[in-house]
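Grab a pencil and let's work through a few exercises on this structure. Each one comes with a worked solution.

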Amino acid sequence: MTVIDDDLRQIALQMAADARAYLTTVTEVAAGASPEAALPLLLLAVSDVLGAGSRLGAITDVVPSDRFEPDLGPDPDVDPLRDNLVNALEGLDEYTDVIDPLLGGETEQLTISGGLVSIAGALVQGLRHYEAGQVTEALWWWQFSYLSHWGTTASSVLRTLQQVLAHLRLDVDDDVAAEAEFEALQS
């Protein structure tokens with residue numbers, strides 16, 4: 001069994017809390033709670049979990065003593081979450097992303113819902129280890145999956161959510177903009 005120091009134990013405790021908060025928010029948005037606030041809530045949830053992931057990226061590599069991940073049973077079914085998010089994000093879900101900006105400009109079509117669910121799956125896997133008392137395994141999983149997958153996915157989803165909000169709030173009809181400009185000049 002790997003001995004884990006208090007600092008890593010504290011990081012794991014905070015990561016578990018951040019993972020639960022993310023999962024709660026995404027599940028509530030998918031269920032249709034507060035549809036008018038769905039985009040800002042998702043923006044905050046993804047931003048917060050990226051901050052948590054950044055802490056994982058900043059620490060030295062966590063290496064569990066066992067070479068194999070303990071079996072936690074079947075993975076949770078995330079299809080209902082995905083389906084509900086697709087419905088909640090209808091008309092806003094698809095976007096284009098650069099696959100690897102360091103290696104070239106090749107793009108791919110992605111969905112916000114797919115990204116949110118992919119992040120959720122990685123967080124749940126770590127959370128399952130954490131709740132089973134496998135703190136080192138949980139930290140390893142969260143760190144590895146952050147660096148290999150969900151960190152870039154979350155960054156992409158965050159940028160897209162921010163862009164959607166910017167378009168919704170800043171893109172106005174030319175007549176509306178001209179009228180507001182005229183009123184501003186008259187006062």
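This is a predicted model: local features need pLDDT of at least 70, side-chain atom pairs count only at pLDDT 80 or more; totals for chains, interfaces and linings use all residues.

**Exercise 1.** Find out which residues lie nearest the centre of the largest pocket, and which helix gives the most to its lining.

*Solution.* Start with size: the largest pocket has a volume of about 340 Å³. Next, look at its lining of 15 residues, where Asp97, Val98, Ile99, Thr152 and Ser156 lie nearest the centre. Two or more lining residues come from each of strand 1 (94-98), strand 2 (107-111), helix 4 (112-131) and helix 5 (135-170). Helix 5 gives the most, with five residues. Finally, sort the lining by class: five nonpolar, seven polar and three charged.

**Exercise 2.** Work out how the rings of Trp140 and Phe144 are arranged.

*Solution.* Now bring in Trp141, whose pair with Phe144 is tilted, at 6.3 Å centre to centre and 50° between the planes. Put together, ring pairs link Trp140, Trp141 and Phe144 into a cluster.

**Exercise 3.** Decide whether Trp141 is buried or exposed, then do the check for Phe144.

*Solution.* The cut-off for buried is under 20% relative accessible area. Trp141 has 18% relative accessibility, so Trp141 counts as buried. Phe144, at 41%, counts as partly exposed.

Note on methods:
Residues are numbered from 1 along each chain as its sequence is written. Side-chain values use heavy atoms; hydrogens and water are left out. On a 1 Å grid over the protein atoms alone, a cavity is a set of points where a 1.4 Å probe fits but cannot get out, and a pocket is an open set with protein on both sides within 12 Å along at least five of seven lines; lining residues have an atom within 4 Å of a point. Grid points are joined across faces, edges and corners, and a volume is the space filled by probe spheres set on the points. Helices (H or I, at least four residues) and strands (E, at least two) are DSSP runs, numbered from the N terminus. Ala, Val, Leu, Ile, Met, Phe, Trp, Tyr, Cys and Pro count as nonpolar, Asp, Glu, Lys and Arg as charged, and the others, Gly among them, as polar. Rings of Phe, Tyr and Trp (its six-membered ring) pair if their centres lie within 6.5 Å; planes under 30 degrees apart count as stacked, over 60 as edge-to-face and the rest as tilted. Buried means under 20% relative accessible area, exposed over 50%, partly exposed in between (1.4 Å probe, protein chains only).
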